[in-house]
Amino acid sequence: MPVVGTGGHVDHGKSTLVQALTGRDPDRWKEEKERGLTIDLGFAWTTLGNQEVSFVDVPGHERFIKNMLAGSGGFDVALLVVAADEGWMPQSEEHLAGLDLLDIRNGVVALTKIDRADPDLIELSMLEVEERLEGTSLEGSPIIPVSALTGEGLDRLCSSLAEKVAAANRYDDAVTRLWIDRVFPIAGAGTVVTGTLVGGTLRVGEEVEILPDAGKGRIRSLQAHETERNQIGAGTRTAVGVAGPDRDRIARGSMLGRPGEWLTGRRRLVVYRTARYVKRPLSGRGAYQLHLGSGAWPVRLVPAGEVEDQKVGVLITDHPLPVKMGDRFILRDVGRRLIVAGGQILDPAAPSRTAEANRAAKALIPALNLRPDRQATALLEWRGAERPSVLSAHSGGGIPEKAVGSAEWILSRSYAQRLIHLAQQVVADFHRENHLRPGMPKASLSSQLGIGLETLAAVLSLTDRLRARGSVVAQVGFGPRLHPSEESEWERIRTVLESTYPTVPKLQEIGAEAELVHALAREGRLIRISEDFVYLPLQVEALLDRLRELSDGFTVADFRDATGLTRKYAVPFLEWTDRQGITTRHQNERTFTGDAEGSVS
């Protein structure tokens, strides 16, 4: 169900023309009736050819441009209205700028009020409009002289609109999205929100989410053109009765979608161009308002140069917004109350450093207007690694091509190969410098690669030359091996322990290197009882034999007497058996509970 949206200067006859075309008055507020002035969005519908069509009537007064922009994002066909007796006016230019910056190319110009102008003035007005359209997205659009009062030209206008409607090619996004332009309560129906469903479908009974923070709810009713529906497809203006969300957090600019399909953010990378009447580049110090979907928010612009003749920047809002690659937006200068620029979202999660913006733009611009899968692929190539759910949200449901990894974390093939090669080099270097260690700590490897632990796990799953063992990563087939000099040192340590048992010296007194002690302990040649003491396995076994002979409820003194150890040795040994689960301590008494043979190994 395509949407035709109006545009044009105040009092050029937009609402009157919509009423003449549809038989319905789009002005719904009392103040609009009294003042004869459209203040907010108006809605009507009719049939053009064989197609039912929605009309969105927007205000033309400069004070209500914000409301005009709230409705323009969902247009399939633009109906630009210019009065023949007044000709081109300031809001004619600003509304055209908005349509042009949104790249709306399917349009018709209605030259209204021809009953108030003579033929020469009508011809001059048509020539002026034709000239004004040059160089914009609506260049070459048909210009139809009409009078809503007498009906002259209305049939031709309807035919022209029907042709444009038939040619409308609304892209049916894979993800559900409805920008909310009205919200109100209805007794028995709960909260009702209205807007144009620009992607996906809605069904009665299904769960939805209203972003950024109104929460989840369930659809209780659907209505289009005052007709109840069980299901609504993309391109339809609809009213949705929804139960569950926090109504106080729903406003114009909120977005309805399916849970889990969208993510919100405050920084987005964009390309943009200025309106043709803006003569100087936009400054990052300007006060701007971002118009996207049906909403408007204060925004800070950080210009970042140009790429391929397109201006690049980062838009930062305090308000989190659910956007995807390719979304179109308008920037309005708050001080001048003027549309100054428009563009598209390149990356919904802008690089944290503005200096990277140009590199990101070069990588992403070629995929800007491609299908979601290609956009997801481009985003993954730029980011290197990402969660599939994030790529889907940022591309409107896209699945990247030729990605590698797991269901939780994927990498682009090129990035994965670079990381695999680098990881192999880093681990090999670590083995050469730390031949006694079983492997490189995962945290150290991920830090050197500049990736997170989740990405590291995905990288390791792609190579058969590295493997994770607990908290470390090692080359397949690698094992710590003592050099001849270290074997000699081991023999010295063993001799010292054998000759001094059971009152062995402290490690510091033995003079053994810490790395060698760790390696000997991992191999089972030594058993480390505490920071200060190590024993040979047979020595530990002998002490455990004495332990087994003690009755339940033995004390440190009992163990000391049974082994001939002093308290200096008995306490650390029993604390070790406690940690190993060999003994259980109850205040000052212990019970033998463990498997001594297993504990020694």
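**Figure 1. T191 is placed in strand 8 (residues 190-199).** Strands here are DSSP runs of E with at least two residues, while helices are DSSP runs of H or I with at least four residues, and both are numbered from the N terminus. The structure is a predicted model, in which local features need pLDDT of at least 70, side-chain atom pairs count only at pLDDT 80 or more, and totals for chains, interfaces and linings use all residues. Residues are numbered from 1 along each chain as its sequence is written, and side-chain values use heavy atoms, with hydrogens and water left out. T191 is buried because its relative accessible area is 7%. The term buried means a relative accessible area under 20%, exposed means over 50%, and partly exposed lies in between (1.4 Å probe, protein chains only). Leaving aside residues up to four places away in sequence, T191 touches V183, F184, V240, G241, V242, R247 and I250. A contact of this kind means heavy atoms within 4.5 Å.

**Figure 2. S92 belongs to helix 4 (residues 90-101).** Is S92 buried or exposed? With 0% relative accessibility, S92 counts as buried. When residues up to four places away in sequence are not counted, S92 is in contact with H9, H12 and G87.

**Figure 3. E93 and R276 are joined by a salt bridge between their side chains.** A salt bridge is defined as a side-chain nitrogen of Lys or Arg within 4 Å of a carboxyl oxygen of Asp or Glu. In this pair the N to O distance is 2.9 Å. E93 is buried because its relative accessible area is 13%, whereas R276, at 39% relative accessibility, counts as partly exposed. A search of the whole structure finds 30 salt bridges.

**Figure 4. D327 and R177 form a salt bridge.** The closest N and O atoms of this pair are 2.6 Å apart. Distant parts of the chain are linked here: D327 is in the loop between strand 19 (310-321) and strand 20 (328-333), R177 is in strand 7 (residues 177-186), and the two are 150 residues apart. D327 has 8% relative accessibility and therefore counts as buried. R177 is likewise buried, with a relative accessible area of 3%.

**Figure 5. A network of salt bridges links D103, R105 and R328.**

**Figure 6. L121, L124 and L127 make up a nonpolar patch on the surface.** Together these residues have about 270 Å² of accessible area. Such areas come from the Shrake-Rupley method with a 1.4 Å probe, and for residues only the protein chains shown count as cover. Patches are made of residues with over 30% relative accessible area and no salt bridge; like charges are joined within 9 Å, and nonpolar side chains (Val, Leu, Ile, Met, Phe, Trp, Tyr) within 5 Å. L124 lies in helix 5 (residues 119-133). L124 is exposed because its relative accessible area is 55%.

**Figure 7. E130, E131, E134 and E139 gather in a surface patch of negative charge.** Asp and Glu count as negative and Lys and Arg as positive, while His and the chain ends are not counted. The place of a charge is taken as NZ of Lys, CZ of Arg, CG of Asp or CD of Glu. E130 is part of helix 5. At 47% relative accessibility, E130 is classed as partly exposed.

**Figure 8. P438 is found in the loop between helix 10 (413-433) and strand 25 (440-441).** P438 counts as partly exposed because its relative accessibility is 23%. With residues up to four places away in sequence left out, P438 touches H431, R469, V472, A474, F478, P480 and R522. The C-alpha atoms of P438 and G284 are separated by 53 Å, and these residues are 154 residues apart along the chain.

**Figure 9. L536 is placed in the loop between strand 29 (534-535) and helix 16 (537-548).** L536 is buried, with a relative accessible area of 9%. Among the residues that L536 touches, not counting those up to four places away in sequence, are W490, R494, L497, E498, R525 and L526. From C-alpha to C-alpha, L536 and Y501 are 9.4 Å apart, although 35 residues separate their positions in sequence. R525 in turn forms a salt bridge with E523, the closest N and O atoms being 2.8 Å apart. R525 is partly exposed at a relative accessible area of 23%, and E523 is partly exposed at 36%.
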